[in-house]
Amino acid sequence: MKGKEAFFKMLDERGTEDTFLWCQMIGYSYVYIGENYIMVAMDESGYRGGIRNWDVQKPLTFDRQSGEVVSLEKLLGISEQEAVARLTGSVYKYMEGIGNGRFLLQEEDILTEEYDPEQFFLFPEGIGIYYDVYAIDCGAAGDFIFVIPWEEINPAMAGSAAGR
């Protein structure tokens with residue numbers, strides 16, 4: 001926790017692409033600190049007019065030793081395409097298992113098409129994949145986070161989840 005102010009200041013300086021806002025707030029809603037990685041979810045929200053404000057979560061995962069941002073590909077040790085296929089495939093499998101598969105299958109492979117591989121969260125239980133509002137459902141449904149257990153992604157990773 002030493003130097004935490006500098007860490008969060010560095011995150012804030014990453015900035016946003018769109019600076020024309022009537023109102024903007026930036027905060028942190030989730031921080032994960034594991035043995036090897038630190039993950040921070042930076043929340044951005046604002047209002048440009050219209051019926052709704054906007055809210056976006058931007059998770060960033062850092063290697064504790066090097067301080068560098070870690071990609072999903074590096075974290076899992078597989079290609080980005082394979083990582084996305086495993087993660088979204090697990091969500092489809094779960095939704096079908098609870099009898100709600102048609103909801104996400106309205107469009108062909110919407111989870112893969114709309115998933116941004118930079119939008120992942122670390123939890124002690126597994127990896128959370130995040131979809132912004134409107135990405136896979138109507139605005140009233142809000143945003144989605146699906147947590148895929150470590151053993152579902154890769155059975156060999158299940159025992160080392162605490163070290164993540």
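Is Glu-82 buried, partly exposed or exposed? In this predicted model, Glu-82 is partly exposed, with a relative accessible area of 34%.

The secondary structure of the protein consists of 6 helices and 6 strands. Their order along the sequence is α-β-β-β-α-α-α-α-β-β-β-α. The protein has 164 residues, of which 38% count as buried.

Back to Glu-82: its side chain meets that of Arg-86 in a salt bridge, with an N to O distance of 2.6 Å. Both residues belong to helix H3 (residues 80–97), and because they are 4 residues apart there, about one helical turn separates them. Arg-86 is partly exposed as well, at a relative accessible area of 30%. The count of salt bridges comes to 2, and Lys-93 and Glu-152 also meet in such a contact, at 3.5 Å from N to O. This pair links distant parts of the chain: Lys-93 lies in helix H3 and Glu-152 in helix H6 (residues 150–153), 59 residues apart. Lys-93 has a relative accessibility of 54% and therefore counts as exposed, whereas Glu-152 is partly exposed at 36%.

Glu-73, Glu-80, Asp-116 and Glu-118 form a negative surface patch. Among them, Glu-73 sits in helix H2, which covers residues 72–76, and its relative accessibility of 39% makes it partly exposed.

The aromatic residues come next. A search of the whole structure finds 7 aromatic pairs. One of them joins Phe-121 and Phe-123 in a stacked arrangement, with 6.2 Å from centre to centre and 25° between the planes. Phe-121 is buried, with a relative accessible area of 1%, and Phe-123 is buried too, at 16%. The rings of Phe-144 and Phe-146 have centres 5.8 Å apart and planes at 15°, so this pair is also stacked. For Phe-144 the relative accessible area is 17%, which means that the residue is buried; Phe-146, at 13%, is likewise buried. Stacking here rests on the angle, because planes under 30 degrees apart count as stacked.

Terms used:
Residues are numbered from 1 along each chain as its sequence is written. This is a predicted model: local features need pLDDT of at least 70, side-chain atom pairs count only at pLDDT 80 or more; totals for chains, interfaces and linings use all residues. Side-chain values use heavy atoms; hydrogens and water are left out. Rings of Phe, Tyr and Trp (its six-membered ring) pair if their centres lie within 6.5 Å; planes under 30 degrees apart count as stacked, over 60 as edge-to-face and the rest as tilted. Buried means under 20% relative accessible area, exposed over 50%, partly exposed in between (1.4 Å probe, protein chains only). Patches are made of residues with over 30% relative accessible area and no salt bridge: like charges are joined within 9 Å, nonpolar side chains (Val, Leu, Ile, Met, Phe, Trp, Tyr) within 5 Å. Accessible areas come from the Shrake-Rupley method with a 1.4 Å probe; for residues, only the protein chains shown count as cover. A salt bridge is a side-chain nitrogen of Lys or Arg within 4 Å of a carboxyl oxygen of Asp or Glu. Lys and Arg count as positive and Asp and Glu as negative; His and the chain ends are not counted. The place of a charge is taken as NZ of Lys, CZ of Arg, CG of Asp or CD of Glu. Helices (H or I, at least four residues) and strands (E, at least two) are DSSP runs, numbered from the N terminus.
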